Structures are given as structure tokens and as C-alpha cells.
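Here is a short briefing to read alongside the model. Keep the viewer open and follow the residues as they come up.

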Amino acid sequence: MNYYLNIMNKKIKSKFYARALPIIVLIICCGNVYSAGNKMYPTYKGLIMAGYQGWFNCEGDGSGESWNHYSTEERIKEGYISIDSWPYTAEYKKKYKTNFVYPNGEPAYLFSSYDKSTVMTHFRWMKEYGIDGVFIQRFVDHLRRREDAIDTVLNHAMKASKKYDRAICLMYDMSRFKSEGQELYDALITDFEGINKKYDFRNTKNYLHHNGKPLIGLWGVGNKSRSGHYSLEETERIIDYFKANNFSVLVGTSPTWRTLDQRSISDPHLHEVFKKVDIVFPWMGGDVTIEEVETKKKQRITADMEWCKKNGIDFVPVANPGFSWHNMQPTKEFNEVPREKGRYFWANLTVNIEVGAEMIYVAMFDEVDEATAIFKCVQVVPLKPKGSKARTRFVPYEVPPDHYLWLTGMAGKMLRNEIPFSKKMPERDMKKVK
């Protein structure tokens with residue numbers, strides 16, 4: 001709401017309109033189907049949201065998934081691990097000891113997303129640092145194999161979002177779906193109808209809405225390398241289903257969706273499909289320097305926003321803090337996109353706001369696999385076990401563990417005009433840092 005008040009205050013100068021402002025705001029909200037008292041998050045506009053994987057498990061957490069997304073049980077014992085950032089675990093109620101150690105000899109621990117207390121901690125951080133909420137990822141190719149773990153994390157997240165007044169939205173990741181005799185449409189819609197019956201997203205107060213309807217995210221639409229097991233026609237059927245059932249739709253796609261080349265499929269019908277949706281969300285992670293962000297990315301999203309505006313569609317750009325997946329794929333470059341102590345992240349955030357973005361997607365909240373996490377990670381990284389032959393390296397934060405959470409909250413304020421726009425990364429009062 002403050003987002004709209006700030007915009008209107010800039011435009012309304014007379015005393016008469018200033019007094020009438022609360023009435024005007026009430027009319028706007030009612031005209032948008034849901035009032036603020038009815039829906040806590042009636043629109044994505046003015047919000048800074050993050051992606052939430054929730055896919056990390058530990059041996060002994062009760063999920064039966066061993067060290068899922070950290071490594072396998074055997075290899076983690078040998079010092080092999082598939083994450084490039086190490087989580088800061090001091091605030092978790094439950095944590096799991098590994099045979100990695102810090103330079104001072106203390107054992108290094110990991111958290112499990114399967115634990116309710118873990119998810120509660122994450123949502124508490126969101127509230128403390130002013131992050132509006134998350135898109136919780138639901139991978140369609142995992143539904144058959146990890147139903148209990150996926151459903152448990154979703155249940156924790158729904159409760160945590162309510163407790164801490166954070167927005168939550170479901171995002172189906174369709175990439176790499178393999179049919180195994182079942183169509184993508186059947187798998188996704190069957191799953192959605194089951195969980196929607198349980199949670200009733202339409203009437204969940206803090207479920208994210210947009211254009212007066214509950215929002216659903218669909219990621220992997222039109223991506224050439226990721227949509228090989230389902231057709232554009234099938235994804236269009238899924239979009240049509242949600243639109244017919246009075247949902248707004250966000251589609252996640254490739255960075256070259258508009259030009260239909262490189263990482264995008266070349267079928268021009270993709271644009272006709274996108275004209276049916278409410279928000280286009282291209283995944284842009286290929287700009288590896290601040291200079292590229294401020295030139296190539298800026299030009300690309302400016303043109304993307306113009307296309308969307310012309311076709312009556314909203315646009316959400318992505319901001320990521322860095323990238324590295326060396327431990328997952330040892331042949332890949334370590335620390336491929338350096339964080340530069342937050343300057344790279346801030347460049348992404350400010351470019352998005354500078355070109356007129358009304359909402360932002362941060363990638364990601366908790367993904368330490370590819371070192372894109374903004375949640376708390378350690379400054380001093382652990383050491384692999386003695387005698388390990390693994391080529392293990394971790395990206396150190398080089399800043400306080402909460403630095404990226406804090407920057408995200410500051411960007412949210414800037415997005416809503418609560419603080420002045422500045423391309424210079426804000427400085428913190430280090431005496432107040434936990």
C-alpha cells in the first residue's frame with residue numbers, strides 16, 4: 001500500500017486531494033476486487049520476492065532423502081559436496097553435523113528444509129529484513145519421487161508465511177520433466193488440484209494475488225534446452241486451464257524469449273501464448289560483470305518491458321547476487337560470477353528499478369547449490385576432511401552473513417520510493433549488525 005501512497009503523493013499537491021487520498025486509495029483497492037483487509041498481498045507490484053527451493057535434506061532428518069542437494073550420503077562422508085556456499089547455521093534449532101571442519105577445528109553443520117523450524121527461521125529472516133515473500137518452487141519431475149518431502153516443505157512454508165505475514169506463491173518448474181507415460185498437463189493439474197483443495201489459495205489471506213486473482217507461476221515455457229519433453233501446445237493448455245479457473249499466470253522463460261533465438265524456441269506462436277498471461281519473467285543470469293549488467297541487461301530488459309507494455313502484460317526482471325557451481329560440476333569455473341561484496345547484486349537491483357520495473361524476483365533465497373543464495377552464509381568457509389581427494393571449494397561471503405538479506409530489504413524500499421534511488425550500494429552501520 002505504501003507503494004501506491006508514495007506514487008500518489010508525488011502527483012497530488014493540493015490540500016483537497018491530500019485529504020481525499022484515503023478515500024481514493026479505498027476506491028482503487030475495491031476496484032481491484034480485493035481490499036487490503038481482504039487480501040494482504042493483492043498485487044505483485046511494489047514487492048520484492050525471492051525464489052525458494054526448500055529442497056535440502058540431511059541424513060537423519062526423517063525424510064529418507066539422505067543428503068539430498070548437498071551430496072549423497074557416501075560422498076559427503078568422503079568430503080565430496082555439491083554446494084558452493086556454506087550456510088550460516090547458528091540460528092537453526094535443528095542442524096546436522098558433517099565431517100567438514102572450520103579452521104579453528106569446530107565441526108561444520110548443515111540444515112534440513114524438511115524441519116519445520118528451519119522454514120520458520122527462513123521466513124522470520126524475511127520479515128526481519130523486509131523481504132516481501134517467496135515463490136516456493138514445485139518441481140513437476142520430482143512429484144512422483146519425493147512427494148512427502150515436497151509436500152512437507154510446502155506445508156511448513158504455508159504456516160510460516162502466515163505466522164510472519166509474508167507473501168507466498170506457488171511456482172511450478174516444468175523444466176526437465178520426463179513423461180514416463182504421463183503428460184505434463186496431467187501431472188501438473190492433478191497435483192495442483194490436490195494441494196489447492198487443501199490450502200484454498202483463493203481464500204488464503206497472504207497468498208500472492210495479481211490483477212485481482214490468485215497468481216500461479218509456470219517456469220520453463222519456451223526454453224529450448226529445458227522443454228524437450230513437452231510441447232508449447234501442452235504448456236498453452238496448462239495456461240488456459242489456470243485462466244479458465246480465474247487465476248493470474250506468471251510464465252518463466254529464457255532471456256531471449258522476445259527475439260526467439262539462442263536459448264529460446266524459435267516458434268513465433270510463443271508470443272501469442274504469452275499474450276494470454278499476466279506476467280512475463282525471463283531468467284537472466286548470463287551477465288557476469290557489473291558493466292554487462294549496466295549495458296547488455298539494461299538494454300535487453302528495456303526492450304522486453306516495451307514489448308510487454310505494448311501487449312498489456314506486466315514484466316518482472318530477475319536479480320541474482322552471483323554464481324558458482326564448481327562443486328556440483330568440477331569442470332566448471334569456480335566463482336564464475338563474483339559477488340564483489342554485494343556490488344554485483346546491487347547493480348542488478350538498481351538497473352531493474354532504473355528502467356522502471358514495478359516488481360522484482362530475486363534468485364534465489366536459499367540456493368547454495370549454485371551460490372545464488374541471499375540468506376545467511378558463512379564468512380569463514382569450512383575445510384574438507386583430512387585425506388579427502390575431493391576438489392572442494394566454497395565461495396566466502398566476505399561480508400556479514402545477513403548482508404544480502406539487508407540489501408534485498410533496502411532494494412524493496414527503493415522500489416517503493418520509501419528511500420531515494422541510488423546506484424551506489426548503501427553502507428551499513430556495522431555496530432548494529434548481528
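This is a predicted model: local features need pLDDT of at least 70, side-chain atom pairs count only at pLDDT 80 or more; totals for chains, interfaces and linings use all residues.

Residues are numbered from 1 along each chain as its sequence is written, and side-chain values use heavy atoms, with hydrogens and water left out.

**Overall picture**

- The protein chain has 11 helices and 12 strands; these are DSSP runs numbered from the N terminus, with helices being H or I of at least four residues and strands E of at least two.
- Of its 434 residues, 58% count as buried (under 20% relative accessible area, with exposed over 50% and partly exposed in between, using a 1.4 Å probe and protein chains only).
- The accessible surface of the protein chain is about 18800 Å², and carbon and sulfur atoms hold 50% of that (Shrake-Rupley method, 1.4 Å probe; for residues, only the protein chains shown count as cover).
- Among contacts (heavy atoms within 4.5 Å) with a separation of 6 or more, 74% join residues 24 or more positions apart.

**The nonpolar core**

- The largest nonpolar core has 133 residues, and Y44 and F242 touch the most other members; such a core is a set of buried Ala, Val, Leu, Ile, Met, Phe, Trp, Tyr and Cys residues joined through side-chain atoms within 4.5 Å.
- Beyond its neighbours within four places in sequence, F242 is in contact with L188, I189, F192, I216, L218, F247 and V249.

**Aromatic pairs and cluster**

- You can find 35 aromatic pairs in the structure; rings of Phe, Tyr and Trp (its six-membered ring) pair if their centres lie within 6.5 Å, and planes under 30 degrees apart count as stacked, over 60 as edge-to-face and the rest as tilted.
- Y70 and F111 make an edge-to-face pair, 6.2 Å centre to centre with 85 degrees between the planes.
- Y70 lies in the loop between β1 (48-52) and α3 (73-77) and F111 in the loop between β3 (107-110) and α4 (116-129), so this pair ties together parts that are 41 residues apart in sequence.
- Both Y70 and F111 are buried.
- F281 and Y361 form a tilted pair, with 4.3 Å centre to centre and 35 degrees between the planes.
- That pair links distant parts of the chain, 80 residues apart, with F281 in strand β9 (residues 279-282) and Y361 in strand β12 (residues 360-362).
- Both F281 and Y361 are buried.
- One aromatic cluster includes Y52, W55, F56, W67, Y70 and F111.

**Arginines over rings**

- R75 lies over the face of Y80, 3.9 Å from the ring centre; a charge sits over a ring if NZ of Lys or CZ of Arg is within 6 Å of the ring centre and within 35 degrees of the ring normal.
- R339 lies over the face of Y404, at 4.5 Å from the ring centre.

**Two loop residues to look at**

- S71 is in the loop between β1 and α3, and counts as buried at 15% relative accessibility.
- A polar atom of the S71 side chain lies 3.2 Å from the backbone oxygen of Y80.
- Not counting residues up to four places away in sequence, S71 touches I76, Y80, I81 and S82.
- E367 sits in the loop between β12 and α11 (403-415), and is buried with a relative accessible area of 6%.
- E367 and F56 are 311 residues apart in sequence and 9.2 Å apart in space, C-alpha to C-alpha.
- Leaving aside neighbours within four places in sequence, the contacts of E367 are Q53, W55, F56, T372 and A373.

Definitions and conventions. A polar contact is a pair of N or O atoms within 3.5 Å; within protein, one must be able to donate a hydrogen and the other to accept it, and residues adjacent in sequence count only if both atoms are side-chain atoms.
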